[in-house]
Amino acid sequence: MVESRRPITVHNAVEQVMQQVTLLDTEQVKLTDADGRILAEDITSDHDVPPFNRSPYDGFAIQAEDTKAAKKHAPVRLTVIETIGAGQMASQSVQTGQAIRIMTGAPIPEGADAVVMLEMAYEAGDGLIDIKRPFNAGDNISWQGEDTPEDTPLISSGQKIHPGTQAVMATFGYAQVSVKRQPIVGIIATGTELLEVDEPLEPGKIRNSNAYMIYSQVKKAGGRPIMLGQLQDDFQSSHRAVQQALERVDVLITTGGVSVGDFDFLPAIYEKLGAEVLFNKVGMRPGSVTTVARSGDQLLFGLSGNPSACFVGFELFAAPYIKAMQGYQYPYLQTIRAVLDTDFPKLNPFTRFVRSQLHPTREGLAVRSVGLDKSNVVTSLAFADSLMVIPGGARGLQSGDPVDVLMLKEESGTFL
Ligand code: AMP
Ligand code: MG
């Protein structure tokens, strides 16, 4: 007799998974290795930025008062007493009637209270310049602390480190950064039909595509994937492999063998391991057989062998878990609203996650499905930039209806 499983909602399944999250330890990494990692400390400015008043232009540091009466036909003449570049300090202070030639980024010399840009000063020979309009005190000065004053909270822990955060951390001298450890995520593919990626096709066999897809998904979620092999559909050897895998990983992902077929051994393996099954059926298509079990403090994600179902199961459940273990504040896929540009008459009691593509229209974003909408399809995964969420239940959807869309890619690729 086939075991009957009770489906839970996607929402409920995600909640159950996220309740299992335990934060990983913090570690120190070099700033250059910190990209994409999740910050585990708050960054606060420990000095003013900029740390001194400086010139935003190449020009002349002057006393504004001297230029009060300057006119086009009655310029004011100043004596240039010194030149300083960025990184240099003036050795003299600016007195009335004087100017210091100053380059962008150099500190405003003592006595000066304005900067005249090079193109507004006229060389008059013999170290003299003419100014043909008045300047006010404070003109063209980049003030100490105008970017950020000391003691300003800037970046909170739980953010993903990106080029902008790198710039801020370097500004404040973080040669090392505290980040969360990346979980080690083991990947096991099951199925006697599976060939290695470099093997030629044989009758009845297919290449193991899921393991490589998951490897890439794990990296995208910030985890450290390790390939733990392909297993034949054999209970004893599979049980042993899963047991050994659990000794090496924080999280274990398997694909295939989680359904109710004669050679689907994962449910029996969970039982023999004494793992607690959180759920083994979710009200979604594809991926309704997605199973999550807990063994001690480790989660085992049993994803379907069907490539599209495997993909969706990972994105909905495993990815947020892996991200949240690192303390990431945004573990979920970004959801946007878009307008359906095809009819969707097919009814289904389960929520459907349809591989889709977004495209801009004059009215905003529209979304259409890509490729065959079947759980065993692999090729459409290459074209999908999003997953449309078609709610289960009563009616189909028509072109023009709004739908929720989960974003899979960050880049949108439009040239301004
Ligand atoms: P299963 O979940 O084991 O019942 O597998 C469902 C379908 O997915 C079958 O057609 C399998 O051949 C296929 N499949 C299972 N594992 C993989 C894999 N690693 N890569 C590609 N297809 C797979
Ligand atoms: Mg199988």
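In what follows, Ala, Val, Leu, Ile, Met, Phe, Trp, Tyr, Cys and Pro count as nonpolar, Asp, Glu, Lys and Arg as charged, and the others, Gly among them, as polar. By that scheme, the shell around ligand 1 holds ten polar, three nonpolar and three charged residues. This is a predicted model, in which local features need pLDDT of at least 70, side-chain atom pairs count only at pLDDT 80 or more, and totals for chains, interfaces and linings use all residues. Residues are numbered from 1 along each chain as its sequence is written, chains are lettered from A and ligands numbered from 1 in the order in which they are written, and side-chain values use heavy atoms, leaving out hydrogens and water.

Let's start with the whole chain. Its C-alpha atoms fill a box of roughly 100 × 50 × 40 Å along the principal axes. The chain contains 24 strands and six helices (DSSP runs: E of at least two residues for strands, H or I of at least four for helices, numbered from the N terminus). Of its 416 residues, 46% are buried, meaning under 20% relative accessible area with a 1.4 Å probe, protein chains only.

Now let's visit ligand 1. Among the 16 residues around ligand 1, Glu193, Asn208, Ser209, Gly257 and Gly305 come nearest, where being near takes a heavy atom within 4 Å. Strands β11 (184-190) and β13 (206-207) each supply at least two residues of this shell. A nitrogen atom of ligand 1 sits 2.9 Å from an N or O atom in the side chain of asparagine 208. An oxygen atom of ligand 1 lies 2.8 Å from a backbone N or O atom of glycine 305.

How values were computed. Polar contact = N/O pair within 3.5 Å; in protein donor to acceptor, adjacent residues only side chain to side chain. Buried < 20%, exposed > 50% of the residue type's maximum accessible area, 1.4 Å probe, protein only.
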